[in-house]
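I opened the model to look up a few residues, one at a time. My notes follow.

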Amino acid sequence: MYHMDMAGSVEWFRLAYRDICPDFSASMQQLLDKMSDYSMWLSMPDGNYPSIGDSSKRERIERYWMSNDHYRFVATRGREGVPENNTAKVFKEAGYGIIRKDWSMDGSGTWMMLAAATHSMAHKHNDDLNVLLFHKGEFFVEAGNRNYNYSDPLTEYVYTSFAHNVLIVDGEGWKMKPNQLISRQEERISRNAE
């Protein structure tokens, strides 16, 4: 969700500076091109983006990426454009790896994503090494966003590793710091699991 929102801002800067500073505008276009590639890979076979961290599952088509033939293929669910040749991609800096069986966009395909990086505590859940799987429908899903009422027990739970597809060892998941609220919630759930 935040990727898509930031893409809108990058597009605004690209347009605002195209006559004032063409070089800056061109750099914004290069960034948008990279963002379209990520967005294309992130799309599950039903055309939706998965729920990751505080982002909600949703479909969103951006008109400024439609010149990318591969993105257009995904956005139109195969009616226009051409599919990507590769079926696996690692976004090393972002910490995501995505594997697809193929580029079918009718909801019948298989898509898997591994999240393996912490870059910021903002909107972060205890989901490092989280696995998401779509196989003819969502199979392994993320807990997603509930709300920002951190005293709500369900909201607290959504932030813990217990609400994600991660490895739990001896009743404990990865404890993110410095957010003490989440660490306390992890400890409480761990004690209750025993």
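I looked up Met40 and found it buried, with a relative accessible area of 1%. Buried means under 20% relative accessible area, exposed over 50%, and partly exposed in between, with a 1.4 Å probe and protein chains only. This is a predicted model, where local features need pLDDT of at least 70, side-chain atom pairs count only at pLDDT 80 or more, and totals for chains, interfaces and linings use all residues. Residues are numbered from 1 along each chain as its sequence is written, and side-chain values use heavy atoms, with hydrogens and water left out.

I placed Met40 in helix α2, residues 22-42. Helices (H or I, at least four residues) and strands (E, at least two) are DSSP runs, numbered from the N terminus.

Which residues are in contact with Met40, leaving aside its neighbours within four places in sequence? I listed His70, Tyr71, Val74, Glu84, Arg100 and Trp103; contact means heavy atoms within 4.5 Å. For Val74, 34 residues from Met40 along the chain, I noted a C-alpha separation of 6.3 Å.

Next I checked Ser39, which also lies in helix α2. Ser39 is buried, at a relative accessible area of 0%. Its side chain makes a polar contact of 2.3 Å with the side chain of Tyr49. A polar contact is a pair of N or O atoms within 3.5 Å; within protein, one must be able to donate a hydrogen and the other to accept it, and residues adjacent in sequence count only if both atoms are side-chain atoms.

Last, I found Ser104 in the loop between β2 (96-100) and β3 (110-115). The side chains of Ser104 and Asp102 are joined by a polar contact of 2.8 Å.
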